[in-house]
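Open the model in your viewer and keep the selection panel at hand.

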Amino acid sequence: MPPFYEMYTTEEITKVYDAALEVLDNVGMEMTHQGALEMLSGAGARVDAAKKRVYFPRDMVEKALALAPEEFTCSGRTEAFDYQAGLNVDARIRTASGAIDRFDLYRDTTARLTCADIAEQAHISDALGNVGCVGSLTPSDAPNETYDIYSLRALIENTRKNLWVLTSSSVNLQYQLKMLEAVFGSKKAMQEGRNQGSGIFCVISPLTITDDEIERAMLYADYGLPVKVPITTLMGGNAPYTMAGILAQATAEFMGCTTILQTIKPGMPVWYYALFQSLDMATGGVQYTSAELQALFAAVAQVSRHCKTPVTTTCTTSSSCQAQQTIFNLTQGTLFNTMLGVGEQGGSGLDGNNAYSPHSLILQNEIMDYSKRILRKCDINHATLGVDAIAQVAMGKKEYVSALHTMKHLRTEERFRSKLFNYIGSKQWFDNPTTLMQRTDEYLEKLKTGHEVPPLEDHVLKEIDDIVKAADKALIK
Amino acid sequence: MRRNSHAGKALNGGFGAPLFTDDELEDIHLATLEVLENTGVFVEDPEAFEIFQGAGAIVDLDKKIVKLPPYMVEEAIQSAPSKLFLAGRDPKNDVILESNRVGFTTFGEGVKVRDPYTGELRSPTKQDVSNAAKLADAMDEVDVYERAVGAHEVPQAVGQLHNAEASFNNTSKHLFMGPFDGYQLEKIVEMATAISGSKEKLLERPLITFITCPVSPLKLVKDTCEVIMGAARSGMAVNILSMAMSGGSSPVTLAGTLVNHNAEVLSGIVLSQLTCKGAKVIYGSSTTAMDLRLATASVGSPECAMISGAVARLARYYALPSFVAGG
């Protein structure tokens, strides 16, 4: 198990946990979906129809948390592209989701996203080893009513990685799930775990669940997709200003959502997704990256371990198209989240997740490789301590380059080789100066032209196309 | 409902990644003792050699090798203080180094400077030394100032005296610098004494910490010995900072590099404590991996980060203040 940081004491985490349970028991959540209310009532919740609120007793919530699996597989198109979600897993990136713009951090340009850009994100994600899940983006060249269906098509056709199936409505979701069914042959196959997808269940802070959210959850459950529960609280906006207060509300929202999802389908895999933001009280702006948010993510990582559910956080930045600040925020966020033991981190999103950047994605992949190397530590044993080698060299040739000990351990202790960072001397650099962003751009081009994603079979592509056309026909006014 | 007061509350003051277990640290320590006892270190300075010999180390006069018995090493670790008070000219800049408190410093000594106005890469001047000190003085999060560059246009035999002058005049923070040799160390102590007003006042409020580096593998060269002994006698702290390169001047295995590094620093600490028991030391590191393709020291690599983390952990194991390479 890799080492990870823990900032808070058990007592502090227990306080957050208990406060969340208190909120669910005494404050409850606002819900109006009749079917869900009946299910929850039958499972032990107290429903107050007049106030449109449902209250969750402590034991009901704790039973639900116990039902949610601690670890599960997120499937790719094939098993080779599966990854594990859990508490002690190899960290993965989930790419930007929902963005509307594409930033070119090398050329300092921006443009509205198209389906071709979504295909680009999918394609390069397929090549990047640390990407586990590819998020849906918002294309400007698709009909408003069916953009999410077009987005998913671009993903399905261009990557074998797991896909975050974001949707604008339960109606659209039905078409999206049909597309995945076309890939895997049957709904049954998807229910058995081969579905290449994960879903989303959103709460509107504070503590409100819409009817359509329930409808979507039922669809995800029916098709066997695990579901991320993003808590998009805004500190000082729709959540308490105090950091502990946001933890209490956010954790209550996560636990409440988990209880709802486990009632809909016991054993449904879920993530606690900390997508907190901070309201800048000076400007009214929303910050996705701040020291306070990082401290909160550390708490969420520990709360998730306490609840025994996987956690995911975000490395989305609020640095618009500023390359240098983006690199700083991305490095700090990725390194820190990896060291917190967060199994899945959102990334490549800029400008408060309004923009996607392929350069940012590639950089984050590299930074995660770097971070993982640190966490692999070094082996400490008699051979590697090298006391005999030290004796020979220190009293002999005084250099280790040609020592037998070096030859013997050169491969087992191979150094991290970065694709993007270099450590050449300044004179060599000035002879051929390149910047990090330039090298990243070159690597992007290499992936775009050199990496191949095996195409889906023709009949599958046709079926997907037919589904998109049917959606357009039914949904576009 | 009411919430009563706690009867007592344990608070978390920070966080740390558990890089090594206590058993792993002990393995490194024991391997280090074995190296110091059986392989020993090369000691170039005759006076230092005599100090080791007089204290009971096993010596080889012809090869200038000193072998340190384990008790000598462990006694030195014990007698070196765990807590250091570093004074600035302005008391608001005073700093305490202890336990796992984390602070930041500039690093040196750069041999080139990128001119901030022209972009030209050139040799640094005394004005650059002054400017760097002034910039560090203005940075809230920089706790102490290590002279970032050295003046290249001055006579190098007394170059550190010029650097000290430029630094003392432009920052009111505590100063870290390598004096190069015993002569310059003495002169810099005189400067600091003049600033403080007297030797006693300087001892009370030490304005400077000296830095010196063993030469890997396992050498305490003349200058290093002079600085360690001079610092001990003057009452100023010395940062004994090894700069091993894994695969080049230390074993390619990171564990072996930690042993080599540890042996070098601890041998310096022994000299310090034998010179003056209770002398102030810092356990320092700029050890990193050598890039075996480019033959460069890759500072900023993940291996450097791991080694720095390991060194900090080792220093805590010994209850000594630490100083590690950042980026």
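Two strands count as paired if DSSP finds at least two bridges between them. Keep that in mind at the first stop, and note that this is a predicted model.

**Stop 1: a sheet in chain B**

Select strand S15 (residues 288-291) of chain B together with S16(B); they pair in the antiparallel sense over three bridges. Which residue is the bridge partner of B:Asp291 in S16(B)? Click on B:Thr296. The three strands make an open sheet, ordered S13-S15-S16, with mixed pairing. Strand S13 (245-246) and strand S16 (296-298) of chain B are the edges, each pairing on one side only.

Next, show helix H10 (residues 302-317) of chain B. H10(B) lies across S13, S15 and S16 of chain B. Its direction is at about 155 degrees to S15(B).

**Stop 2: two domains of chain B**

Colour chain B by its domain assignment. Domain 1 is 22-87 + 206-324, and domain 2 is 104-174 + 184-197. Their C-alpha centres lie 25 Å apart. The contact between them takes twelve residues from domain 1 of chain B and nine residues from domain 2 of chain B.

Stay on the domain 1 side. Strand S10 (208-212) and helix H8 (222-234) of chain B each supply at least two residues here. H8(B) gives the most, with five residues. By class, this side of domain 1 has eight nonpolar residues, three polar and one charged.

**Stop 3: a helix pair**

The crossing is right-handed.

Show the side chains next. From H6(B), the contact uses B:Gly182, B:Leu185, B:Glu186 and B:Val189. From H8(B), select B:Glu226, B:Val227, B:Gly230, B:Ala231 and B:Ser234. Together they divide into four nonpolar, three polar and two charged residues.

**Stop 4: chain A meets chain B**

Zoom out to both chains. How many residues does each chain bring to the contact? Chain A brings 43 residues and chain B brings 41 residues. Several helices of chain A each supply at least two residues, among them helix H1 (10-26), helix H12 (358-375) and helix H16 (426-431). Finish on H14(A), which has the largest share of the chain A side, six residues. That side has 25 nonpolar, eight polar and ten charged residues.

Technical notes:
Residues are numbered from 1 along each chain as its sequence is written. Chains are lettered from A and ligands numbered from 1 in the order in which they are written. This is a predicted model: local features need pLDDT of at least 70, side-chain atom pairs count only at pLDDT 80 or more; totals for chains, interfaces and linings use all residues. Two residues are in contact if their C-beta atoms, placed from the backbone, lie within 7 Å. Helices (H or I, at least four residues) and strands (E, at least two) are DSSP runs, numbered from the N terminus. Ala, Val, Leu, Ile, Met, Phe, Trp, Tyr, Cys and Pro count as nonpolar, Asp, Glu, Lys and Arg as charged, and the others, Gly among them, as polar. Axes are lines fitted to C-alpha atoms, for helices over the stretch in contact, and angles run from 0 to 180 degrees between N-to-C directions. Domain bounds come from an automatic or database domain assignment. A crossing is left-handed if the near helix is turned anticlockwise from the far one by less than a right angle, and right-handed if clockwise.
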